[in-house]
Amino acid sequence: MGPPGSGKGTQAQRLVKDHGWVQLSTGDLFRDHIKRETGLGKRVKGYLDRGEYVPDDVTVDMVRERLREISKDTRIVFDGFPRTAAQTEALDALLAEFDRRVGGVILLEVPRDELLTRLGKRGREQGRTDDTPEVIGKRLDVYEQQTRPVIDRYHGKGVVRRVDGLGTIDDIARRLAAAAEA
Ligand code: ADP
């Protein structure tokens with residue numbers, strides 16, 4: 001978990017490469033649907049472009065479909081899910097349904113000014129439609145309002161491992177590997 005621009009996707013890909021785990025990124029799945037112009041893609045595009053969360057039922061159904069495809073002995077790195085209280089409850093039900101459990105929650109911590117710098121740079125370099133100055137601010141606000149409480153809930157359960165998200169990709173990957181084993 002972590003705010004937009006904290007490096008969730010980058011580090012999830014490292015875990016996949018280094019350990020053979022599978023990444024389940026709701027943002028990537030949505031963007032793939034949008035690119036392929038599927039019915040789901042058409043339904044969610046406006047939310048992504050505005051920096052709002054896609055409704056929980058749509059998101060949870062998509063995650064369930066993806067979970068069906070992943071073999072039970074493969075470890076999954078959830079990237080960008082769960083992001084709301086309702087998704088957290090839905091995840092508990094999904095884990096029971098698929099006979100899985102959460103191994104740990106990693107929180108990538110990056111200060112807001114660094115997030116703004118990174119997302120602005122990604123917007124200029126990659127042209128992601130939600131990396132514009134207005135939408136970036138909106139995404140950070142939505143994260144604070146809707147996802148911060150989810151992290152607090154996991155904190156209460158004592159499963160959160162905080163990782164400093166500042167430094168090189170390699171630095172952070174090393175910290176994350178240490179946190180994942182701890
Ligand atoms: P970032 O975390 O950098 O904003 P993501 O690729 O994780 O990037 O998410 C991009 C967008 O996809 C979000 O702003 C939101 O519109 C949508 N999205 C991703 N994950 C979820 C989710 N779990 N619930 C609702 N919407 C989501």
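This is a predicted model: local features need pLDDT of at least 70, side-chain atom pairs count only at pLDDT 80 or more; totals for chains, interfaces and linings use all residues.
Leaving aside its neighbours within four places in sequence, Leu-24 makes contact with Leu-29, Val-63, Arg-66, Leu-67, Ile-70, Ile-76, Val-77, Phe-78 and Asp-79.

Leu-24 belongs to the largest nonpolar core, which has 22 residues, and it is among the members that touch the most others, together with Met-1, Val-63, Leu-67, Leu-94, Leu-107 and Tyr-154. Two or more residues of this core come from each of α4 (56-68), α5 (85-97), β3 (105-109) and α7 (133-156), and of these α7 gives the most, with 5 residues. There is also a second, separate core of 9 residues, including Ala-12, Leu-108, Ile-172 and Ala-179. As a general remark, nonpolar side chains in soluble globular proteins tend to be buried together.

Let me turn to the ligand. Which residues come nearest to the ligand? Of the 20 residues around it, they are Thr-26, Arg-31, Glu-52, Gly-80 and Arg-83. Thr-26 sits in helix α2, which covers residues 26-36, and Thr-26 counts as buried because its relative accessibility is 3%, where the cut-off for buried is under 20%. Beyond its neighbours within four places in sequence, Thr-26 is in contact with Thr-59, Met-62, Val-63, Asp-79, Gly-80, Phe-81 and Arg-83.

A polar backbone atom of Val-54, in turn, is 3.0 Å from a nitrogen atom of the ligand. The ligand taken alone exposes 550 Å², and the protein buries 97% of that.

Most residues other than glycine have a negative phi, and most peptide bonds are trans. Here, however, the peptide bond from Phe-81 to Pro-82 is cis, with omega near 0°, and Pro-82 is placed in the loop between β2 (76-79) and α5.

Glu-37, although not a glycine, has a positive phi of about 55°; it is in the loop between α2 and α3 (39-50), and it counts as exposed because its relative accessibility is 57%. Asp-99, also not a glycine, has a positive phi of about 55°, is found in the loop between α5 and β3, and is exposed, with a relative accessible area of 54%.

How values were computed: Residues are numbered from 1 along each chain as its sequence is written. Side-chain values use heavy atoms; hydrogens and water are left out. A nonpolar core is a set of buried Ala, Val, Leu, Ile, Met, Phe, Trp, Tyr and Cys residues joined through side-chain atoms within 4.5 Å. Buried means under 20% relative accessible area, exposed over 50%, partly exposed in between (1.4 Å probe, protein chains only). Helices (H or I, at least four residues) and strands (E, at least two) are DSSP runs, numbered from the N terminus. Contact means heavy atoms within 4.5 Å. A residue is near a molecule or strand if one of its heavy atoms lies within 4 Å of it. A polar contact is a pair of N or O atoms within 3.5 Å; within protein, one must be able to donate a hydrogen and the other to accept it, and residues adjacent in sequence count only if both atoms are side-chain atoms. Accessible areas come from the Shrake-Rupley method with a 1.4 Å probe; for residues, only the protein chains shown count as cover.
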